[in-house]
Amino acid sequence: MPLCRFRTLESDLPRLGLIVGDEVHDLASLGGPATLREALSGSVATLKAEIERVHALAHQGLSLAEVTLLAPIDQQEVWAAGVTYLRSRDARMEESQEKTVYDRVYDADRPEIFFKANAARVVDPGDAVAVRSDSTWDVPEPELVLVLTSAGEIAGYSVGNDVSSRSVEGENPLYLPQAKVYRHCAAVGPVIALAWELDAPRDKNVGLIISRDGGVIFEGETSTNQLHRTFEDLIAYLFRDNDFPDGVLLMTGTGIIPPSEFTLQDGDVVAISIEGIGTLVNPVVRL
Ligand code: DO4
Ligand code: MG
């Protein structure tokens with residue numbers, strides 16, 4: 001029973017929903033949390049009890065086919081970990097003038113963690129992610145997303161796209177915020193798999209398919225078992241001397257990077273699948 005944010009044809013008001021089969025139940029209408037912020041402000045034990053209570057009350061839901069799924073984020077910030085997979089380290093060393101920073105961070109105690117987006121920069125499933133107007137080399141980064149409570153507990157997992165400019169970052173690592181953070185630089189969704197329902201999150205297949213003009217132009221896969229850091233380690237560094245009263249989303253890094261000659265183009269379609277969670281599909285637009 002995944003969690004989602006959705007809106008109906010009748011109303012633009014975003015709602016928090018529980019998906020049961022092919023129906024979605026509005027949590028607030030059953031006395032549950034109305035927003036993700038509310039859901040993530042308490043403990044996972046409280047959230048689980050609330051979801052179970054609501055599930056017992058839920059009868060006739062809305063047909064999933066009649067609602068629009070939104071990115072599962074409202075007041076949260078999105079942070080991201082980097083160089084957590086060997087493939088990411090190697091690709092960065094290839095593209096960069098400053099190769100050793102990536103080599104060193106891969107094995108350092110302190111992981112690379114950076115601010116990726118506020119909710120306004122995150123696009124919904126089906127909406128366009130963007131590549132920068134001043135970038136010549138761009139890739140999607142398929143990443144497992146940890147959905148964390150205000151206390152840093154894992155409430156669930158989602159699928160994320162940390163769209164990145166390789167030309168901007170490659171020129172100088174100090175340009176990382178510009179390579180990573182701009183209008184529509186991220187996508188998350190389509191749902192949140194609840195932590196107590198997803199078994200073995202450290203052993204899930206991650207797939208990326210990029211289509212152009214109706215055909216597949218790149219296909220790649222990895223597994224979350226290739227992640228070089230523990231979730232606990234990433235969360236501990238993220239929360240060190242930092243507060244997230246509304247919860248926070250943490251992208252855990254990419255293990256799939258297309259070959260050097262590939263760059264995203266306007267009109268491409270990116271589909272990222274993570275086993276047990278779902279598939280996030282977004283077209284690409286050049287700003
Ligand atoms: O060092 C730059 C960012 C790395 C990143 O975003 C990733 O490995 O996923
Ligand atoms: Mg990334």
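These legends describe close-up views of a predicted model. Local features need pLDDT of at least 70, side-chain atom pairs count only at pLDDT 80 or more, and totals for chains, interfaces and linings use all residues. Residues are numbered from 1 along each chain as written, chains are lettered from A and ligands numbered from 1 in the order written, and side-chain values use heavy atoms, without hydrogens or water.

**View 1. The shell around ligand 1.**
The shell around ligand 1 holds 16 residues, and Val-83, Ser-88, Glu-112, Lys-180 and Thr-254 come nearest (near: a heavy atom within 4 Å). By class, five are nonpolar, four polar and seven charged. Here Asp, Glu, Lys and Arg count as charged; Ala, Val, Leu, Ile, Met, Phe, Trp, Tyr, Cys and Pro as nonpolar; the others, Gly among them, as polar. Strand 6 (77-82), helix 3 (86-95), strand 7 (112-117) and helix 6 (176-180) each supply at least two shell residues. Helices (H or I, at least four residues) and strands (E, at least two) are DSSP runs, numbered from the N terminus.

**View 2. Ser-165 in strand 13.**
Ser-165 lies in strand 13 (residues 164-165). Its relative accessible area is 0%, so Ser-165 is buried (buried: under 20%; exposed: over 50%; partly exposed: in between; 1.4 Å probe, protein chains only). Its side chain makes a polar contact with the side chain of Ser-167 at 3.3 Å. Such a contact is a pair of N or O atoms within 3.5 Å; within protein, one must be able to donate a hydrogen and the other to accept it, and residues adjacent in sequence count only if both atoms are side-chain atoms. A polar atom of the Ser-165 side chain also lies 3.0 Å from the backbone nitrogen of Val-168.

**View 3. Backbone exceptions.**
Most residues other than glycine have a negative phi, and most peptide bonds are trans. The Gly-189 to Pro-190 bond is cis, with omega near 0°. Pro-190 sits in strand 14 (residues 186-194). His-184 has a positive phi of about 60°. His-184 belongs to the loop between helix 6 and strand 14 and is partly exposed at 31% relative accessibility. Ala-200 has phi near 50°. Ala-200 is in the loop between strand 14 and strand 15 (205-212) and is partly exposed at 41%.
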